[in-house]
Amino acid sequence: MTTEIKGGFNIAMKVPSHQYEAVLAFYRDVVKLPPFDDKAPAKGFILGPNRLWIDEVPGYTQAEVWLELFTDDHRSALTQLEAGGAVRCDEIEDLGEGFRGGWIMNPANIVHLVRTPDAW
């Protein structure tokens, strides 16, 4: 069974060419966000009520953005994302006792807070 994961922020992500396809595959195949391409050649994904633009940037050595993902079952979602290649990085910032979520990184080392919102 797959845990539903939804985006929390609209953002443009600038990604180096050598990581571009892996990042697209991560959001398409692991997170399973719906794709859009209405402004081709730009590629993106529906991220909650907003859009996540994935921009290939030749010459960049790394991307640097933090995103938030919402789910009704953060434990299951974190396990699902890890199984898809995400790396847990909970030490990046203390979320406090009882927080319903955790940190992961995608294939381009973009940090994501995966959490169950208070009013889900």
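Which residue forms a salt bridge with Lys14, and how far apart are the closest N and O atoms? The partner is Asp55, and the closest N and O atoms of the pair are 2.7 Å apart. Asp55 has a relative accessible area of 19% and is buried, because the cut-off for buried is under 20%. Lys14, with a relative accessible area of 37%, is partly exposed.

Please keep in mind that this is a predicted model. In total, the structure holds seven salt bridges. Side chains of opposite charge can pair when their charged atoms come close.

| Salt bridge | Closest N and O atoms |
|---|---|
| Glu4 with Lys6 | 3.7 Å |
| Asp55 with Lys14 | 2.7 Å |
| Asp90 with Arg88 | 2.4 Å |

Let us turn to Asp90 and Arg88. Their salt bridge has its closest N and O atoms 2.4 Å apart.

The remaining pair in the table is Glu4 with Lys6, whose closest N and O atoms are 3.7 Å apart. Glu4 counts as partly exposed at 47% relative accessibility, and Lys6 counts as partly exposed at 38%.

Key. Residues numbered from 1 in each chain as written. Predicted model: local features only at pLDDT ≥ 70, side-chain atom pairs only at ≥ 80, totals over all residues. Heavy atoms only, no water. Salt bridge = Lys/Arg side-chain N within 4 Å of Asp/Glu carboxyl O. Buried < 20%, exposed > 50% of the residue type's maximum accessible area, 1.4 Å probe, protein only.
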